Amino acid sequence: MTAHPALGLVDAVASQLADPYTAPLGPRATSSDRQHLAYGPPGIALLHIERAANGLGPWQRAHDWLAAATREPFTSGPDSHPFYGVSAFAHALTCAADHIPGSYQRALNTMDRQIVVDVGCRLDAAHRRIDAGRLPELAEFDTIRGLTGYGAYLLRRAPRSPTTRAVLDYCVRLTEPVTRDGESLPGWWTETGPSGSPDDDRFPGGHANTGMAHGIGGVLALLALAARIGTVADGHRAALRTILTWLDRWQQETGSGAAWPYWVNQGELRTGRLAPFVPRRPSWCYGTAGLARAQQLAALALGDTDRQIEAENALVASLTDPDQLKATMDNGLCHGFAGLAHVAARTADDAHPSTVGQLRAAIPALLAAVHPPGTDPEFTATALIQDAERGPGLLDGAAGTALALLAPSTAAPPRSAWDACLLIA
């Protein structure tokens, strides 16, 4: 069987990023972002871990990148989060340890103890906030910086531990409404804009974020993934339905299928109406692609076949709508074509027989957008790695682009579960 051309780009990126001491990393990966999963060595290590787990590269490269990430102590406590510091490195180390029996266990055990302490402190603060009737900050609960992201790690490492269940209890409580000035708001409403900072010009009164990276989409996915393996909190399924009902309320029709907004602002909440649909990129971090996968996972957890098919059809529509694809401006994992291909492949792995063929059929065009047929993979890899804005890292850069091409190019799910941090599997 002939290898998919996109695999040549994966190989080229991995080759150019083989050695952490000679690879052209740029300032983001070598400064304070050294311990950042999105930009630094831990995320680049994931590319080499996944390739080694598939027999496509040597484990030594993975080890070298993990070692490079440990040249200085890792941040823990309030200055860390799921994508930065101890837990970011622990995710990468877990992906490697799963395939090298007995390796890294002492380090992982030490980090796990610290993560339990850090999560406990965050949970205490979150429950005090809820008890006081205050609204959350995005960083309290989101996938990148908050408790949902910690839940993704804990669900993999210790799915039935008290700390994992405590995170799920918190997620359930987050879905309970909050009354402010006589107005009922969803429990995840924040008083800021999507950046996490006050934005009275664009978001007076705040907003409800729907995204997978920073909004309720990530919470939905975490609750769904936990329910699928039988780890549930009191009110777990009711919380799933609360989030799904919210998304149903704000679903839009594009002319080609269903879509969901990135967020809902106060004016929209009060009128019950969104602005007319404008095509936006259907990415993992925000928009229909990530939310469709989260809703598919929730439907599978609830045994709701109709909702599952609807979510899968929404993803197909977003991946084949020229206007939405035109709004997709880069190739990366977070909000680019490679990320769309990966989400499509992961969704297809669980898809209903009536939609799986359409999902798989959408993937080749997405791969071609990243690596057009006939282009030189070495040239493309160099351009990706040396991109001054995106660089070599995981979330926006070359390593993430390459990783996201593997599953859709081979029609096989990741072996290292590197994408667990994205809550799409």
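A search of the whole structure, which is a predicted model, finds 7 aromatic pairs (rings of Phe, Tyr and Trp, the last by its six-membered ring, with centres within 6.5 Å; planes under 30 degrees apart are stacked, over 60 edge-to-face and the rest tilted). Local features here need pLDDT of at least 70 and side-chain atom pairs count only at pLDDT 80 or more, while totals for chains, interfaces and linings use all residues. Residues are numbered from 1 along each chain as its sequence is written, and side-chain values use heavy atoms, with hydrogens and water left out.

**Aromatic pairs and charges over rings**

- F203 and W263 make an edge-to-face pair, 5.4 Å centre to centre with 85 degrees between the planes.
- F203 sits in the loop between β2 (183–185) and β3 (207–209) and W263 in strand β6 (residues 263–265), so their pairing ties together parts 60 residues apart in sequence. Helices (H or I, at least four residues) and strands (E, at least two) are DSSP runs, numbered from the N terminus.
- Both F203 and W263 are buried, meaning under 20% relative accessible area, where over 50% is exposed and in between is partly exposed (1.4 Å probe, protein chains only).
- Y262 and Y286 are stacked, at 5.2 Å centre to centre and 25 degrees between the planes.
- Y262 belongs to the loop between β5 (258–259) and β6, and Y286 to the loop between α12 (266–271) and α13 (288–302), so this pair ties together parts that are 24 residues apart in sequence.
- Y262 is buried at 7% relative accessible area, and Y286 also counts as buried, at 10% relative accessibility.
- Ring pairs join F203, Y262, W263 and Y286 into a cluster.
- R280 lies over the face of Y262, 3.9 Å from the ring centre (CZ of Arg or NZ of Lys within 6 Å of the centre and within 35 degrees of the ring normal).
- R34 lies over the face of F74, at 5.6 Å from the ring centre.

**The nonpolar core**

- In soluble globular proteins, nonpolar side chains tend to be buried together.
- The largest nonpolar core has 138 residues, of which V13, L17, L46, Y170, L223 and W284 touch the most other members (buried Ala, Val, Leu, Ile, Met, Phe, Trp, Tyr and Cys joined through side-chain atoms within 4.5 Å).
- Helix α10 (residues 216–228) gives the most to this core, with 10 residues.
- Beyond residues up to four places away in sequence, L46 touches L37, H91, A92, C95, L394, L403 and W418 (contact means heavy atoms within 4.5 Å).

**Helix α19**

- Of the 13 residues of α19, 12 are buried, so the helix is largely enclosed by the rest of the structure.
- Among the elements covering its buried residues are α1 (6–16), α3 (41–53), α16 (337–349), α17 (356–370) and α18 (377–385).
- Just after α19, A411 takes a positive phi of about 60 degrees.

- Q324 lies in helix α15 (residues 322–326) and counts as buried at 2% relative accessibility.
- Leaving aside residues up to four places away in sequence, Q324 touches residues including F277, R280 and T288.
- P186, in the loop between β2 and β3, counts as buried at 9% relative accessibility.
- Not counting residues up to four places away in sequence, P186 touches E176, A208 and W246.
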